[in-house]
Structures are given as C-alpha cells and as structure tokens.
Amino acid sequence: VQLQAFGGGLVQAGGSLTLSCQASGSTFTINAIGWYRQVPGKQRESVAIITDAGIDIDDSVKGRFTISRDHTKDTVTLQMNSLKPEDTAVYYCNVRDITGYPYWGQGTQVTVSS
C-alpha cells in the first residue's frame, strides 16, 4: 500500500485545516486507516483511526477533529477545527493491513500560531 498525504500548513489558533490521504496499491488489504502526529522529541501518537470496529479519536482532539473515509476513492480525510498551538506537529497518514503491518505516508507539517 502506498500513501500520499495532502494538506497541512500554517494557520492561526482557532482556524481550520484539512488533511487528506490517498491510498493506492493493495488497498483491499486495509484493516485500519487514520492519522498520527509527532512533535520533535516525542513519540508518534494516534490522532484518529477508522477500523471495522468504528472510529477512535484521541481525547485531546475530540470535538474538534473529524475523520472520514471514502471507500470508493481510497481516501481518508482529517478535518481539523478550532486548532490550538499544541496541535502543531508533523501529521502522518497510516494504514494497517489485515496482518497488522503498518504503512506510513510521507508526513505533512501542521503549524498553529498563537
């Protein structure tokens, strides 16, 4: 599976951004798809994930971020509203196949200024 992320950029606190991720290749093997983020010196953390069991959104972004998947286009979108400076990070698209193997997109920078 190959992943290409789009979106990101610089926005003021309270603003919105949309991240999109296009999956290609053996997309029929995807078991989970979503977004992680990472800041320098910290571990990569889950932001929002869609699995067959449902949607898992980190508490830090609940009520502000929304994740959606378009099965027909093999895309996943992260709508980020009411952004805060602490949301600043590199965001990574991620899928896991039916064996649990992870695939990562190239990462896109999101910077929220105060």
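The following questions and answers go through a predicted model of one protein chain.

Trainee: How many helices and how many strands are there in the protein chain?

Mentor: Read along the sequence, the pattern is β-β-β-β-β-β-β-β-β-β-β. The count for the protein chain is therefore 0 helices and 11 strands.

Trainee: Why does the protein chain count as compact as a globular protein of that length?

Mentor: The C-alpha trace spans about 40 × 25 × 20 Å along its principal axes. For 114 residues the globule rule gives 13 Å, and the chain counts as that compact because its radius of gyration is close to this, at 13 Å.

Trainee: What share of the contacts between residues at least 6 apart in sequence join residues at least 24 apart?

Mentor: Contact here means heavy atoms within 4.5 Å. Among the contacts between residues at least 6 apart, the share joining residues at least 24 apart is 52%.

Trainee: Is Thr 75 buried or exposed?

Mentor: Thr 75 is found in strand S8, which covers residues 75–80. Buried means under 20% relative accessible area. Thr 75 has 17% relative accessibility, so it counts as buried.

Trainee: Which residues is Thr 75 in contact with, leaving aside its neighbours within four places in sequence?

Mentor: The cut-off for a contact is heavy atoms within 4.5 Å. With those neighbours left aside, the residues in contact with Thr 75 are Cys 21, Gln 22, Ser 68, Arg 69 and Asp 70.

Trainee: How far apart do the centres of the positive and negative side chains lie?

Mentor: The protein chain has 9 positive and 10 negative side chains. The distance between the centres of the two sets is 4 Å.

Technical notes: Residues numbered from 1 in each chain as written. Predicted model: local features only at pLDDT ≥ 70, side-chain atom pairs only at ≥ 80, totals over all residues. Heavy atoms only, no water. Helix = DSSP H or I, 4+ residues; strand = E, 2+ residues; numbered from the N terminus. Rg over C-alpha atoms; globule rule 2.2 N^0.38 Å. Lys, Arg positive; Asp, Glu negative; His and termini not counted. Charge placed at Lys NZ, Arg CZ, Asp CG, Glu CD. Buried < 20%, exposed > 50% of the residue type's maximum accessible area, 1.4 Å probe, protein only.
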